[in-house]
Amino acid sequence: MKVGLKTQILPVDEAALAAAARMLAEGGLVAFPTETVYGLGADATNPAAIARLYQAKGRPAFNPLIAHVYDLEAGLRIGRFDAPALALAEAFWPGPLTLVLPKPGDCAVADLATAGLDTVAIRVPAHKVARQILRAFGGPVVAPSANLSGHVSPTTAAHVQSDLEGLIDLIIEGGPVEVGVESTIVGCFEEAMLLRPGGVPRDEIERVLGYKLKQPALDADHDTSQPLAPGMLASHYAPRSRVRLRAETVEAGEALLAFGPKMPPGSDGAAAVMNLSARGDLTEAAANLFGYLRALDAKAARAIAVMPIPQEGLGEAINDRLRRAAMGRE
Ligand code: TXA
Ligand code: MG
């Protein structure tokens with residue numbers, strides 16, 4: 001139900017950025033674009049604001065949040081960086097990489113935001129609007145994707161509005177995002193470990209580390225009591241429609257999420273067709289993924305048939321999100 005708050009929607013300009021920083025300081029909830037997906041920001045040091053954020057999203061409180069900061073220097077104040085963590089921060093920040101680090105005793109990020117874990121997730125986003133808001137606000141901002149819990153992540157301000165209007169204070173409208181899948185999450189413990197594939201491909205991270213990323217235990221995301229990256233619960237990205245992966249043909253009544261220049265048999269009779277990238281480009285496909293899933297979901301087709309996507313570069317993150325979308329309603 002869309003009740004309660006009057007949600008302001010402002011296009012980006014000086015006044016809008018100042019309003020965003022002021023509302024954050026007052027404990028408000030502000031949605032803004034990052035290069036990966038739109039985020040829903042709250043003051044990371046304000047437990048009341050964070051409680052409101054969990055409530056607005058309908059998000060289980062055991063699912064911790066990423067603290068967004070303006071630069072590495074600000075990151076150093078809230079997390080304990082070892083040498084590999086520093087190397088990764090220097091190579092990829094600002095950008096779509098989140099580091100999970102030991103949380104120092106005097107960390108300003110509220111325990112509610114880290115769900116009581118002794119680690120903290122930190123990211124320095126690259127999007128100009130996100131950076132301007134972080135600089136104006138001057139402290140860490142927790143920002144999950146700005147969707148209702150369980151929905152597909154928002155890549156436009158309109159997606160945010162359709163999920164959260166009436167539940168949050170402000171939406172900063174900054175156009176469609178560039179990357180389209182969430183940040184890669186790397187846990188920097190004894191050895192760096194891939195907690196979530198995302199906007200920085202695995203091989204680029206491994207090149208900087210000089211070794212292969214460790215893989216968390218396969219069943220980590222089914223253990224809801226103490227998951228490794230708890231937001232990786234299977235149902236996290238579920239559309240309402242059934243999602244059928246690695247489709248080689250389109251069946252009657254299905255919508256098609258295509259990839260590449262060659263359409264599969266049956267596509268002429270599809271309820272709807274959207275092509276993630278007709279030229280088979282994985283970067284373009286990532287940017288289109290969540291928007292196209294939302295659009296096909298709205299067709300209420302029998303199912304969404306998804307063509308195979310190569311498991312290389314950004315394909316790993318795309319396939320991860322698609323797998324979760326397919327599992328969500330089973
Ligand atoms: O690209 C992104 O990362 C976007 C934009 C808005 O920055 N944010 C995002 O946040 O995807 P969210 O809340 O939708 O996903 C955060 C993920 C969750 O899977 C959560 O469990 C994990 O990060 N996470 C946060 N803190 C963690 C921690 N201390 N240890 C392990 N996983 C953590
Ligand atoms: Mg999310």
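This is a predicted model: local features need pLDDT of at least 70, side-chain atom pairs count only at pLDDT 80 or more; totals for chains, interfaces and linings use all residues.
- Strand β2 (residues 30-33) and strand β8 (residues 170-173) run parallel and are joined by two bridges, two strands being counted as paired if DSSP finds at least two bridges between them; Ala31 has Ile171 in β8 as its bridge partner.

**The sheet of four strands**
- Four strands form an open sheet with parallel pairing in the order β11-β14-β12-β13, with β11 (243-244) and β13 (273-275) as the edge strands, each of which pairs on one side only.
- Over two bridges, β11 pairs in the parallel sense with strand β14 (residues 304-306), and Ile304 in β14 is the bridge partner of Val243.

**Helix α8 and its surroundings**
- Helix α8 lies across β12 (255-258), β13 and β14, and runs at about 170 degrees to β12.
- Helix α8 (residues 282-297) packs against helix α9 (residues 315-327) at an angle of about 20 degrees, with the axes 9 Å apart, which means that α8 is roughly parallel to α9 (angles under 35 degrees count as roughly parallel).
- Leu282, Ala285, Ala286, Leu289, Phe290 and Leu293 in α8 meet Gly315, Ile318, Arg321 and Leu322 in α9, and the residues of this contact divide into eight nonpolar, one polar and one charged.
- Asp297, which is found in helix α8, counts as buried because its relative accessibility is 10% (buried means under 20% relative accessible area, with a 1.4 Å probe and protein chains only).
- Apart from its neighbours within four places in sequence, Asp297 is in contact (heavy atoms within 4.5 Å) with Pro239, Arg240, Ser241 and Ile304.

**Conventions**
- Residues are numbered from 1 along each chain as its sequence is written, while chains are lettered from A and ligands numbered from 1 in the order in which they are written.
- Local features need pLDDT of at least 70, side-chain atom pairs count only at pLDDT 80 or more, and totals for chains, interfaces and linings use all residues, while side-chain values use heavy atoms, with hydrogens and water left out.

Note on methods
Axes are lines fitted to C-alpha atoms, for helices over the stretch in contact, and angles run from 0 to 180 degrees between N-to-C directions. Angles under 35 degrees count as roughly parallel, over 145 as roughly antiparallel, 65 to 115 as roughly perpendicular and the rest as oblique. Ala, Val, Leu, Ile, Met, Phe, Trp, Tyr, Cys and Pro count as nonpolar, Asp, Glu, Lys and Arg as charged, and the others, Gly among them, as polar. Buried means under 20% relative accessible area, exposed over 50%, partly exposed in between (1.4 Å probe, protein chains only).
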